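Look at the charged side chains in the model below. Follow how they pair, and where the partners sit.

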Amino acid sequence: MSYNRNMNILKLLRDRNKFTQEFVSEKLGVSRQSYMRYETGEIELSSSQIRILANLYQIEYRNIIDGIMPEDTLSYMGPNNRDTEKFRQIVLYALQTAGDLVYLTQTDFYKLVYLIHKDFYEQYFVKLTSLYYPEQSLSEGLEIYANEIEKMESENLIELLNTSIHKGQSKKIIPLKRANLNYLTGTEVCFLHREFAKYSTEF
């Protein structure tokens with residue numbers, strides 16, 4: 001898996017600030033050789049390393065995670081509502097990757113989406129998508145995610161099917177399209193895999 005999209009920003013930020021690789025690697029507490037592997041995307045940063053670099057360059061954690069230079073953040077979010085589209089790809093990716101999730105009730109699936117957003121914020125101190133905010137309660141999250149996922153059904157991105165397992169009380173969510181991972185960084189994809197594994201035994 002390639003992390004080049006969000007690792008390229010490390011070189012851009014370092015060059016703009018005229019820092020050497022030795023200087024930045026010292027700040028991270030790693031060797032220069034190890035730091036070079038971060039810049040080339042061979043290995044990914046930990047959440048603590050992202051915080052160190054964000055403080056070093058005086059930028060938001062989100063810029064490093066998304067691989068977006070600070071001056072490009074506004075256009076990145078832009079009028080095309082890329083953030084909402086990102087949320088939809090996360091839902092599709094969850095459905096296509098973690099097969100057991102399709103047996104969850106709708107409410108449980110919405111709860112899982114909420115917990116994924118909450119855990120990401122607690123780990124990286126930035127929002128996975130704008131559909132989450134730090135003070136958001138579970139009930140608020142369920143309503144927001146349910147509304148967005150219903151819109152996905154109306155646009156033929158997913159299908160809600162009655163099943164014998166759910167006996168008409170809830171529905172099985174079926175993805176009709178594959179997720180476009182161009183909306184997700186390598187860090188986010190790895191995070192989602194860890195979340196699926198963590199919650200697979202809790203639902």
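The structure, a predicted model, holds 15 salt bridges. A salt bridge here is a side-chain nitrogen of Lys or Arg within 4 Å of a carboxyl oxygen of Asp or Glu. Side chains of opposite charge can pair when their charged atoms come close.

Start with Asp66 and Lys86. Their closest N and O atoms are 3.8 Å apart. This pair links distant parts of the chain: Asp66 is in helix H5 (residues 61-66), and Lys86, 20 residues apart from it, is in helix H7 (residues 82-97). Helices (H or I, at least four residues) are DSSP runs, numbered from the N terminus. Both Asp66 and Lys86 are buried. Buried means under 20% relative accessible area, exposed over 50%, and partly exposed in between (1.4 Å probe, protein chains only).

Now turn to helix H8 (residues 106-124). Lys118 bridges to Glu122 there, with closest N and O atoms 2.7 Å apart. The two are separated by about one helical turn because they lie four residues apart in the helix. Lys118 has 27% relative accessibility, so it counts as partly exposed. Glu122 is also partly exposed, at 46%.

Helix H9 (residues 138-154) holds Lys151 and Glu148, three residues apart, about one turn of the helix. These two form a salt bridge, with closest N and O atoms at 3.9 Å. Lys151 is partly exposed at 45% relative accessible area, whereas Glu148 is buried at 8%. Elsewhere, salt bridges with shared partners join Lys11, Arg14, Asp15 and Glu39 into one network.

Residues are numbered from 1 along each chain as its sequence is written, and side-chain values use heavy atoms, leaving out hydrogens and water. Local features need pLDDT of at least 70, and side-chain atom pairs count only at pLDDT 80 or more, while totals for chains, interfaces and linings use all residues.
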